[in-house]
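This briefing covers the strand arrangement, the helix packing and the nonpolar core of one model. The structure comes first, then the notes.

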Amino acid sequence: MLAIACDHAAVEFKQEIIAHLKKRGIACKDFGAFDAGSVDYPDYARPVAEGVASGAFEKGILICGTGIGMSIAANKVAGIRCALCSDTFSARATREHNDANVLALGARVLGIGLALDIVDIFVDTPFSNDERHIRRIDKIEGNCR
């Protein structure tokens, strides 16, 4: 199951992503926001990031206007490797090389078609398990070898 959340700038965008994932048979827990009233994105990034970090969710998706604020907020949670992606190459690379567990998207930056392609690649691409990438992730996590 995936965890997903957005701020007020991306409510409709998030709904389209959830509908797309549902068609693919992928369940999502929606942490909000649920309407266009102004909210603070860290209030939505944190529960998704904490849920992924705890293992309650396999991966997370966070959406705001640019994706920047959500990615910064999510990466404050230990164990989270949130990647802001605006293209399919980066989505594939961050899964293969960084084992990113949260995807950030910018609803004001991307069209929904490209966003859905990025989501599919992020969800479907496995981590490479290459020793050099494991070593680098360990260093990011503070577990230097």
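Five strands make an open sheet, ordered β2-β1-β3-β5-β4, with parallel pairing. Strands (E, at least two residues) and helices (H or I, at least four) are DSSP runs numbered from the N terminus, and two strands pair if DSSP finds at least two bridges between them. This is a predicted model: local features need pLDDT of at least 70, side-chain atom pairs count only at pLDDT 80 or more, and totals for chains, interfaces and linings use all residues. Residues are numbered from 1 along each chain as its sequence is written, and side-chain values use heavy atoms, with hydrogens and water left out.

- β1 and β3 run parallel and are joined by five bridges.
- L2 has K59 in β3 as its bridge partner.

**Helices on the sheet**
- α1 lies across β1, β2, β3 and β5 and runs at about 160° to β1.
- α2 packs on the sheet, touching β1, β3 and β5, and its direction makes about 170° with that of β3.
- Contact means heavy atoms within 4.5 Å; axes are lines fitted to C-alpha atoms, for helices over the stretch in contact, and angles run from 0 to 180 degrees between N-to-C directions.

**Nonpolar core**
- The largest nonpolar core has 46 residues, of which I17, I61, I63 and L105 touch the most other members.
- α5 gives the most to this core, with seven residues.
- Such a core is a set of buried Ala, Val, Leu, Ile, Met, Phe, Trp, Tyr and Cys residues joined through side-chain atoms within 4.5 Å, where buried means under 20% relative accessible area (1.4 Å probe, protein chains only).
- Not counting residues up to four places away in sequence, I61 touches residues including I4, I17, V48, L105 and V119.

Conventions: Buried means under 20% relative accessible area, exposed over 50%, partly exposed in between (1.4 Å probe, protein chains only).
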